[in-house]
Amino acid sequence: MSHTRSIRELASDLAAKKISAVELTEHFLKRIAAHDERLNTLISRNEESARERAAAIDAGDNAGAALAGLPIAHKDIFCTRGVRTSCGSRMLDNFVAPYDATVVERLAGAGTVTLGKTNMDEFAMGSSNETSFYGSVRNPWNTDYVPGGSSGGSAAAVAAGLVPAATGSDTGGSIRQPAALCGVTGIKPTYGRVSRYGMIAFASSLDQGGCFARSAEDCAAVLQAMSGFDARDSTSVEREVPDYSAVLDSQGDDFLEGLKVGLPKEYFAEGLDDASRKVIEAAIAEFEARGAEIVEITLPHTDLAVSTYYVLAPAEASSNLARFDGVRYGYRCENPVDLEDLYTRSRGEGFGREVQRRIMVGAYVLSAGYYDAYYLKAQKTRRLIARDFSDAFENVDLIAAPVTQAPAFKLGEKLDDPVSMYLNDVYTLPASLAGLPGMSVPAGFVDGLPVGLQLLAPWFEESRLLGAAHAYQQSTDWHTKRPAGFE
Ligand code: GLN
């Protein structure tokens with residue numbers, strides 16, 4: 001069955017013409033048609049253009065490219081020419097971008113076939129996918145539960161085998177957290193590794209594109225195609241991208257031997273659910289069994305991360321989202337009486353409650369009287385959090401921790417309590433604030449719901465992350481498990 005095969009297997013079958021791009025595309029379109037009514041992972045589907053594209057690949061387009069003929073879905077935050085880009089918002093319900101994001105362009109250059117755009121929290125603000133204008137995604141492991149967010153559609157689509165891989169973005173955990181909650185592998189690279197051009201901005205100093213797939217090996221192939229310098233993104237880093245797949249291929253069975261892995265004690269303190277803790281401890285024991293040296297470390301400013309992030313991210317969002325004014329593009333209210341009415345009603349009707357809340361918080365912390373007390377102070381605490389990591393990486397090669405305090409929660413459970421929703425991000429926000437690369441790797445289950453192990457590496461050490469995850473996946477099979485009903 002094509003949806004249970006790895007990307008590498010699919011790519012070699014495609015290259016050897018054991019399967020055509022059209023057949024593979026049809027297979028996944030059929031799975032989407034069969035399951036997505038229930039899961040709601042896709043906001044837009046583009047069956048016709050996918051079929052045409054697959055036929056073109058079979059006819060020789062992108063011949064020899066690494067992922068030629070591989071179906072993929074893009075988070076609806078990435079601009080796609082000709083297919084609506086909604087960012088999960090009513091504001092952009094009618095928006096079709098005139099250009100492709102760099103990520104979309106690069107993956108197309110590698111030969112991928114886009115099947116659709118994945119559901120997400122509105123403007124990527126959320127941890128459960130419930131802020132989406134298009135309704136929440138359901139977790140394939142138990143459809144009464146959230147898939148996580150904001151890239152919940154991408155994570156759930158990969159978990160259910162509706163696509164072999166999907167793109168995502170991570171501002172404060174939006175790749176790692178849904179990957180953990182849906183039991184798939186997700187990687188958020190170092191800030192600057194993947195271009196933000198054409199990725200709708202939420203908090204520009206934190207936003208970073210990345211991807212989801214079943215395994216580290218699959219993530220390596222997709223990340224490879226996405227990464228690299230882009231002159232159109234001023235924060236994109238001009239630095240060579242290693243050949244991630246080759247690095248994994250060349251690594252021996254002893255990759256973890258002698259690797260020094262730090263466990264930050266703040267991530268194992270009060271708040272971590274007992275059953276999840278056991279799963280994480282078992283994963284760490286596996287690292288140790290494979291020769292890793294485990295040491296306790298401290299990241300003393302961890303408890304400042306939630307408040308720091310929830311000042312900085314809204315501040316940047318309030319500025320970035322000012323462009324949605326009902327004038328240039330996106331939603332416009334009916335019959336405005338004057339300019340002020342046009343702005344107020346277009347934004348009031350076009351944005352959902354969580355987005356409005358963030359804009360108001362952001363405008364408040366940036367306002368003249370409060371700037372020093374909130375925004376400036378948060379900039380300083382951000383530095384302290386980043387310094388914790390650079391100090392820690394003086395002594396360890398890798399950091400291992402939980403991704404979340406508990407497995408997925410029920411749909412609706414935290415919807416009316418923004419603070420408890422925000423607190424959900426405690427373990428993912430620090431690495432985002434520091435701009436570090438991070439991964440979530442399937443590590444086990446609690447009551448049938450997946451638990452993810454978080455791995456963090458020093459800046460630009462994605463290879464080390466992928467290498468460690470790959471080694472772990474050689475001796476465990478959590479990443480191969482499939483939710484019942486989606487086999
Ligand atoms: N859950 C966090 C938030 O709501 C992070 C979201 C993200 O990474 N895009 O802002």
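Me: Which cavity does the space taken by the ligand form?

Reply: The ligand takes up the space of the largest cavity. A cavity is a set of points on a 1 Å grid, over protein atoms alone, where a 1.4 Å probe fits but cannot get out. A molecule sits in one if more than half of its atoms lie within 2 Å of its grid points. This is a predicted model: local features need pLDDT of at least 70, side-chain atom pairs count only at pLDDT 80 or more, and totals for chains, interfaces and linings use all residues. Residues are numbered from 1 along each chain as its sequence is written, and side-chain values use heavy atoms, without hydrogens and water.

Me: How many residues surround the ligand?

Reply: There are 15 (a heavy atom within 4 Å). Thr 171, Gly 172, Ser 174, Tyr 309 and Arg 358 are the closest. By class, the shell has five nonpolar, seven polar and three charged residues (Gly counts as polar).

Me: Which side chain has a polar atom 2.7 Å from an oxygen atom of the ligand?

Reply: Look for polar contacts, pairs of N or O atoms within 3.5 Å. Tyr 309 makes the one at 2.7 Å. Asp 425 places a polar side-chain atom 2.9 Å from a ligand nitrogen. The side chain of Ser 150 has an N or O atom 3.5 Å from a nitrogen of the ligand. The protein covers 99% of the ligand's own 290 Å² of accessible area (Shrake-Rupley, 1.4 Å probe).

Me: Where does Ser 150 lie, and what is its peptide bond from Gly 149, cis or trans?

Reply: Most peptide bonds are trans. The bond from Gly 149 to Ser 150 is cis, with omega near 10°. Ser 150 lies in the loop between strand 3 (113-118) and helix 5 (152-159). Phe 123 is also found in the loop between strand 3 and helix 5. Phe 123 is not a glycine, yet has a positive phi of about 50°.

Me: How many salt bridges does the structure hold?

Reply: Side chains of opposite charge can pair when their charged atoms come close. The structure holds 22 salt bridges (Lys or Arg side-chain nitrogen within 4 Å of an Asp or Glu carboxyl oxygen). One pairs Arg 51 with Glu 26, closest N and O atoms 2.7 Å apart. The pair links helix 3 (residues 47-58), which holds Arg 51, to helix 2 (residues 21-39), which holds Glu 26.

Methods. A polar contact is a pair of N or O atoms within 3.5 Å; within protein, one must be able to donate a hydrogen and the other to accept it, and residues adjacent in sequence count only if both atoms are side-chain atoms. On a 1 Å grid over the protein atoms alone, a cavity is a set of points where a 1.4 Å probe fits but cannot get out, and a pocket is an open set with protein on both sides within 12 Å along at least five of seven lines; lining residues have an atom within 4 Å of a point. Helices (H or I, at least four residues) and strands (E, at least two) are DSSP runs, numbered from the N terminus.
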